[in-house]
Amino acid sequence: VSLVSCWCPGAGQDVGRSCILVSIAGKNVMLDCGMHMGYNDDRRFPDFSYITQNGRLTDFLDCVIISHFHLDHCGALPYFSEMVGYDGPIYMTHPTKAICPILLEDYRKITVDKKGETNFFTSQMIKDCMKKVVAVHLHQTVQVDEELEIKAYYAGHVLGAAMFQIKVGCESVVYTGDYNMTPDRHLGAAWIDKCRPDLLISESTYATTIRDSKRCRERDFLKKVHETVERGGKVLIPVFALGRAQELCILLETFWERMNLKAPIYFSTGLTEKANHYYKLFITWTNQKIRKTFVQRNMFEFKHIKAFDRAFADNPGPMVVFATPGMLHAGQSLQIFRKWAGNEKNMVIMPGYCVQGTVGHKILSGQRKLEMEGRQILEVKMQVEYMSFSAHADAKGIMQLIRQAEPRNVLLVHGEAKKMEFLKQKIEQEFHVSCYMPANGETTTILTNPCIPVDISLGLLKRETAIGPLPDAKKPKLMHGTLLMKDNSFRLVSPEQALKELGLAEHQLRFTCRVHIQDPRKEHETVLRVYNHLKGVLKDYSVQHLPDGSITVESILIQATAHSEDQGTKVLLVSWTYQDEELGSYLTSLLKKGLPQSTP
Amino acid sequence: YRDLHTFELQAPTRLIEWARGSRVCVAGYGQSDGNEILQLIPPPTLQTKETQGLCPERDFKVECGGFSKRPVYSLKYVPDTSLLVTSGPPDSSLQVWQVSAEDSDVIKSVSTIATENGTGQPWAKIDTISARAPWVLHGSRLDSVQITEVESRKNVYTAVSRGSEELSGLAFLDCNTLLLCCATGQLCLADLRQPQSPVEAVSVPPAPCGEQWCMGTTHGAQGSEPSSQPVARLSSRGLLTLTDLRKTSESLASAKARVPSPGSGAEFLCVSWAPALEGCLAISGFDGTVHVYDTQSWDSSGREAEPIFVHKGHAFGGADGSGDPPLVTVHTWHLQKPRTLLSAASDGSLHVWDWVQPCGKC
């Protein structure tokens with residue numbers, strides 16, 4: 001019996017940050033290190049003092065694994081490794097390693113430069129943190145140390161997102177991070193093999209959601225863009241280079257072609273370069289379709305979409321512009337926003353979540369008067385729309401993943417307890433596994449039954465399978481043998497073999513029973529009577545009358561003596577070894593019945 | 001369309017029921033164990049009267065759910081209580097459930113209302129009312145119609161009937177009047193104030209020829225005359241007749257819907273009146289479409305009528321294209337938004353749609 005205990009200093013009924021500590025067969029692994037997007041103070045970081053009061057984290061943790069580059073999964077990493085202190089290995093996929101530092105730096109800039117916070121990690125800390133990162137490939141088994149190994153699986157969701165299997169001996173845990181079971185235009189669906197982990201840790205934020213179909217969202221997006229452009233307005237779509245920009249471009253291009261629209265669509269060059277660069281690097285992480293088109297041409301070569309120039313923003317007439325960064329916190333997208341915000345014919349469509357403190361976040365919360373640099377007030381009259389295409393697993397997806405992996409236990413993180421009772425029952429009923437839903441900071445202990453592999457000697461196997469009913473694939477067969485545990489190996493051998501190997505002698509057990517017989521004649525006559533009786537009854541056995549006056553039945557010995565006090569009674573001593581127990585008992589009960597009267 | 005949202009349920013449903021607080025309930029009808037009853041919170045766009053378009057929250061959320069061992073063919077909330085009642089094969093008994101969304105998200109099975117000689121009977125049609133006490137009206141045949149008090153499971157009324165035809169629907173017209181519709185199309189009325197007199201057959205469908213019928217009634221306002229709204233009947237051949245219960249000797253109007261023939265059977269026939277559009281009704285159950293008709297232009301000739309809108313979304317559903325095309329199992333009108341309907345099909349799809357009236361009428 002072993003423990004796999006899960007403790008969630010971040011996620012676990014708390015939407016906002018993920019950070020899970022798993023203890024498996026003595027190894028301690030931290031899964032994700034996210035920050036809470038809603039808080040401005042220390043509450044945004046997980047409380048690491050829970051892990052170990054004294055003693056260094058580097059000694060306590062065997063490794064840290066980061067599932068993907070979203071800030072609620074990696075945002076606290078530099079704080080954790082550089083400010084709290086951790087020097088051990090940090091594992092993540094290659095795309096995550098490439099993209100994490102960019103997002104962390106962006107986030108740092110917003111928090112420190114824009115909001116003037118002081119207790120925050122520095123750019124150098126981000127760099128030092130990334131030096132501790134070991135990048136892994138999909139389906140590559142990575143030995144963290146002699147006993148602990150990890151393997152990454154494709155998770156969909158965003159570029160580079162992975163689900164991780166953590167294995168120590170024959171015990172394993174699979175952590176999903178954020179994943180998605182339906183493929184979209186630029187990413188495939190999550191996939192895992194039937195690895196049968198002892199525990200599957202899955203996010204369940206969207207477990208209670210039944211999502212509107214993608215086609216409807218896209219239809220509404222196109223409708224909005226079309227309406228704005230028709231009335232002569234301008235549409236700004238701030239994007240992160242690797243988010244949905246590619247998908248939205250394809251969508252607009254097809255729509256423009258079909259509707260024969262003339263308004264120009266632009267994307268900023270910074271966007272093209274970055275996107276092309278990353279897609280080239282990580283082409284295997286995108287889905288089939290993208291790979292095919294990429295091989296043929298430049299990702300961003302469209303008929304209707306052209307490169308943007310700063311000056312175009314002042315052009316009259318309708319247009320659509322994709323610009324970075326995605327949260328309107330700096331750079332080109334913010335510049336364009338400032339130019340277009342005052343006109344109610346224009347529209348800005350935010351395609352994703354915005355961190356607190358950014359202009360994007362403010363306008364999505366409904367703010368329409370923004371304070372810019374130099375105390376200038378910007379009045380926002382343009383339409384603000386929000387559209388989320390982010391891909392998470394819903395209840396159906398979670399069930400699919402459990403069906404694929406076949407875990408023995410399931411643990412749900414990332415949702416509210418009340419709302420997960422139904423899903424918990426659903427999982428327990430359908431898969432007959434236990435389902436846990438820990439609260440933030442709660443420790444869950446899961447008992448596992450480790451499988452211990454044992455070698456069986458061929459001779460024993462042959463012998464045992466020959467006994468009893470024929471082997472049946474559906475029924476377990478009971479076999480008897482002796483378990484030898486020697487030099488870290490387990491072997492099942494026959495008892496004789498075991499005795500030989502261990503240099504032990506087999507003990508001999510002998511039983512002796514006294515049977516009283518009424519017979520006044522001499523002993524040797526009684527013996528003769530017994531001999532003839534047994535010879536007649538036990539025709540299949542070897543019954544012998546030995547010269548010394550004893551009788552043997554197989555290896556059982558029978559001797560007769562007179563009773564010490566009563567001459568009329570003879571005492572038969574029946575003696576047998578443990579191996580002949582059955583025959584010995586039978587013989588005894590036979591003799592106890594008495595001898596037949598007629599005797600020679 | 002003005003608006004169209006398509007969703008996919010994990011298992012298809014053949015019922016869509018509205019509950020307090022704009023909640024919607026669906027349930028599985030599969031033969032195996034583990035059918036789910038789901039109470040859903042619709043996205044904010046559907047809860048308000050105005051359409052919002054691009055909105056962060058566009059999804060249905062499962063508020064609570066329960067597990068049913070038998071397929072759920074019919075479900076009705078019991079007004080003014082936290083209970084709901086379901087029915088389904090293999091017999092005509094009812095299951096009572098408790099919904100307590102604040103405490104937990106599990107819909108718990110509370111009790112069973114058994115029926116005498118209920119085994120082997122077709123599943124019970126149900127309706128609920130809480131005028132004098134929480135009551136459920138149920139029955140699978142004309143001679144097994146009864147009213148049971150939900151909490152105590154006591155019988156309060158048993159209808160007297162000469163016939164034993166199978167029922168396709170029943171309803172409380174008000175707290176004293178019951179309307180029963182047989183699968184043969186016959187409509188019967190019963191008055192609770194006269195429990196000894198048998199149910200009165202009031203209308204036989206025109207030219208019955210072995211087809212199956214179902215009915216649709218409006219949810220009249222509490223105080224209004226129960227029979228002021230016409231009752232619509234739909235047959236498996238697409239015939240529609242409207243009957244005024246005050247004058248049942250002849251039908252008010254009738255028409256023929258353009259539906260594929262032979263029909264796919266009467267399993268999912270559904271006809272319903274629009275709560276906020278005068279004279280409009282919708283039908284479904286023949287294929288993957290939902291038809292909306294304006295009955296104000298109908299007469300009694302029974303000729304073919306032109307629908308004012310046809311929702312075809314479900315027919316384009318199945319991505320695999322394998323097996324049979326999806327069949328719309330049920331539809332219902334939004335209670336406040338006049339031109340919004342919800343429809344579900346046998347492939348698990350759930351659509352919410354709002355159409356644009358091409359020419360000014362409705």
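## Strands, sheets and an interface

E10(B) and strand E11 (residues 135–139) of chain B form an antiparallel pair joined by five bridges. This is a predicted model, and the questions below walk through it.

Me: Happy to start there. Which residue of E11(B) is the bridge partner of B:Asp127?
Reply: Strands E10(B) and E11(B) run antiparallel, with five bridges between them. B:Asp127 takes part in this pairing, and its bridge partner in E11(B) is B:Leu137.

Me: Which strands stand at the edges of the sheet that holds E10(B)?
Reply: The sheet is open and has four strands in the order E10-E11-E12-E13 of chain B, paired antiparallel. Two of these strands have a single partner strand each, so one side of each lacks a neighbour in the sheet; they are E10 (125–129) and E13 (155–158) of chain B.

Me: Let's turn to where the chains meet. What is the area buried between chain A and chain B?
Reply: The contact draws 27 residues from chain A and 33 residues from chain B. Carbon and sulfur atoms give 53% of the buried area, which comes to about 2,700 Å².

Me: Which residue of chain B forms a salt bridge with A:Arg211?
Reply: Across this interface there are four salt bridges. In the one made by A:Arg211, the closest N and O atoms are 3.7 Å apart, inside the 4 Å cut-off. The partner is B:Asp59.

Me: Which element gives the most to the side of chain A that touches chain B?
Reply: Strand E12 (209–210), helix H6 (214–230), strand E20 (383–386), helix H12 (395–405) and helix H13 (417–431) of chain A each supply at least two residues to that side. With eight residues, the element that gives the most is H13(A).

Me: Which residue of E5(B) does A:Ile210 stand opposite?
Reply: Strand pairing also joins the two chains here: E12(A) pairs with strand E5 (residues 60–68) of chain B in the antiparallel sense, over two bridges. Within E5(B), the residue opposite A:Ile210 is B:Phe60.

Me: Within chain A, which residue takes a positive phi in the hairpin of E25(A) and E26(A)?
Reply: Strand E25 (residues 482–486) of chain A and E26(A) pair in the antiparallel sense over five bridges, with A:Met485 opposite A:Phe490. Two residues lie between the strands of this hairpin, and the one with a positive phi near 50° is A:Asp487.

Me: One last question: how many residues apart are A:Glu82 and A:Lys132?
Reply: These two form a salt bridge whose closest N and O atoms are 2.8 Å apart. The pair links distant parts of the chain, with A:Glu82 in helix H3 (residues 77–85) of chain A and A:Lys132 in the loop between helix H5 (123–131) and strand E6 (133–136) of chain A; their separation is 50 residues.

Notes: Residues numbered from 1 in each chain as written. Chains lettered and ligands numbered in written order. Predicted model: local features only at pLDDT ≥ 70, side-chain atom pairs only at ≥ 80, totals over all residues. Heavy atoms only, no water. Contact = heavy atoms within 4.5 Å. Buried area = accessible area lost by both parts, 1.4 Å probe. Salt bridge = Lys/Arg side-chain N within 4 Å of Asp/Glu carboxyl O. Pairing = 2+ DSSP bridges.
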